[in-house]
Amino acid sequence: MKNCKWYIEQTSEDEIILHSLKEIIYSEISPYQRIEVICSGNLGRCLLLDGKMQSAEADEFIYHEALVHPVMLLSESVERVLIAGGGEGATLREVLKYPVKEVVMVELDELVIKTAKRYLPEWHNGAFDDPRVRLVIDDARAYIERTKNYFDVIIIDLPEPAEGGPAYLLYTKEFYEKVKEALTEKGMMVTQSASASVNNLRVFVSIVTTLKQVFPYVKPYIAYIPSFFAPWGFALVSKKINPEGSMAKINEKIVSIKDSLKFYDIDAHTAMFCLPKHIKKAIETEGVVIHDDSPLSFY
């Protein structure tokens with residue numbers, strides 16, 4: 001503990017978490033946010049945006065496999081995928097394990113991509129150079145609003161919807177209605193949905209509640225992410241396909257990629273979608289629909 005430095009992250013008004021700080025590798029302020037790459041004693045390299053942990057070398061595979069593989073395996077005939085955000089390239093890395101024809105990655109902040117390419121090579125593992133990939137530097141909301149009936153899968157991999165932050169308007173009912181229009185008739189979408197911690201459930205529950213106002217099938221799930229010190233929420237939605245999906249379908253389709261996975265398999269899938277009773281109750285009784293002009297406070 002002698003001479004130890006600490007990175008402090010405030011996760012709510014009443015809670016902070018600490019990670020040992022061995023080195024600040026990179027720090028820069030873009031037009032949109034503060035971007036940092038640090039080295040933590042227990043997590044290795046970490047990407048921070050505006051002081052909040054985005055992913056860590058030690059466990060990023062849990063988050064990214066949990067985000068990508070359920071929606072990819074439960075979808076039918078995936079040819080075109082949109083990734084909103086995902087600047088580290090790890091979401092892209094996981095999507096490219098499938099025989100898709102086109103992946104469009106829309107990232108608002110080009111400096112995040114440049115930072116990942118230089119300092120986080122294990123995250124993207126060369127995914128940016130795949131010929132199936134088209135990088136678009138743009139606001140994801142604006143891009144999706146221009147798109148109709150095109151993508152088989154849309155993956156929302158953006159920072160938490162901090163009020164006033166660059167991603168806030170990508171978690172609203174109005175935005176999800178545009179996502180629905182951008183999907184094909186059998187299209188599916190998944191979004192990261194913030195903390196599912198027992199003392200910090202409000203944003204997760206509100207995102208799920210909002211999605212239920214737009215999509216007929218909504219299936220929330222969680223995975224524990226050590227670097228976030230919390231179970232983390234995700235929500236998988238569909239226009240026509242019930243995300244419950246059969247285990248047989250997943251087992252059949254996972255064979256070709258299972259050797260490349262570190263976290264996700266049929267057992268992990270089953271566990272993620274088995275929500276504890278207090279979370280199910282919160283979703284049923286406490287949700288607030290998020291609108292563009294919502295007074296909901298996220299932080």
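Trainee: At what angle do helix H1 and helix H8 pack, and how far apart are their axes?

Mentor: In this predicted model, helix H1 (residues 60-74) packs with helix H8 (residues 247-254) at an angle of about 105°, and their axes are 9 Å apart.

Trainee: Why is H1 called roughly perpendicular to H8?

Mentor: Angles from 65 to 115 degrees count as roughly perpendicular, and the angle here is about 105°, so H1 is roughly perpendicular to H8.

Trainee: Turning to the annotated positions, which residue does the "active site" annotation cover, and where is Asp157 found?

Mentor: The UniProt annotation "active site", which comes from an unreviewed entry, covers Asp157, and Asp157 lies in strand E9 (residues 151-157).

Trainee: How do you know whether Asp157 counts as buried or exposed?

Mentor: Buried means under 20% relative accessible area, and Asp157 has a relative accessibility of 8%, so Asp157 counts as buried. Not counting residues up to four places away in sequence, Asp157 touches Tyr63, His64, Leu67, Ala84, Gly85, Gly86, Glu88 and Thr91.

Trainee: What makes Asp139 partly exposed?

Mentor: Partly exposed covers what falls between the 20% limit for buried and the 50% limit for exposed, and the relative accessible area of Asp139 is 26%, so Asp139 is partly exposed. The "binding site" annotation of the unreviewed UniProt entry covers Asp139, along with Gln33, Glu107, Ala140 and Pro166. Asp139 is in the loop between strand E8 (133-137) and helix H5 (140-145).

Trainee: What does Asp139 contact, and what does the side chain of Asp139 reach?

Mentor: Leaving aside neighbours within four places in sequence, Asp139 is in contact with Val106 and Leu108, and the side chain of Asp139 reaches the backbone nitrogen of Arg141 at 3.1 Å.

Trainee: Finally, what makes helix H7 mostly covered?

Mentor: In helix H7 (residues 202-212), nine of the 11 residues are buried, among them Val203, Phe204, Ile207 and Leu211. The buried residues of H7 pack against helix H6 (173-182), strand E10 (183-195), strand E11 (217-225), strand E12 (230-238) and helix H10 (277-285).

Terms used. Residues numbered from 1 in each chain as written. Predicted model: local features only at pLDDT ≥ 70, side-chain atom pairs only at ≥ 80, totals over all residues. Heavy atoms only, no water. Axes fitted to C-alpha atoms, helices over the stretch in contact; angles between N-to-C directions. Helix = DSSP H or I, 4+ residues; strand = E, 2+ residues; numbered from the N terminus. Parallel < 35°, antiparallel > 145°, perpendicular 65-115°, else oblique. UniProt positions renumbered as here; feature names shortened; annotations may be inferred. Buried < 20%, exposed > 50% of the residue type's maximum accessible area, 1.4 Å probe, protein only. Contact = heavy atoms within 4.5 Å. Polar contact = N/O pair within 3.5 Å; in protein donor to acceptor, adjacent residues only side chain to side chain.
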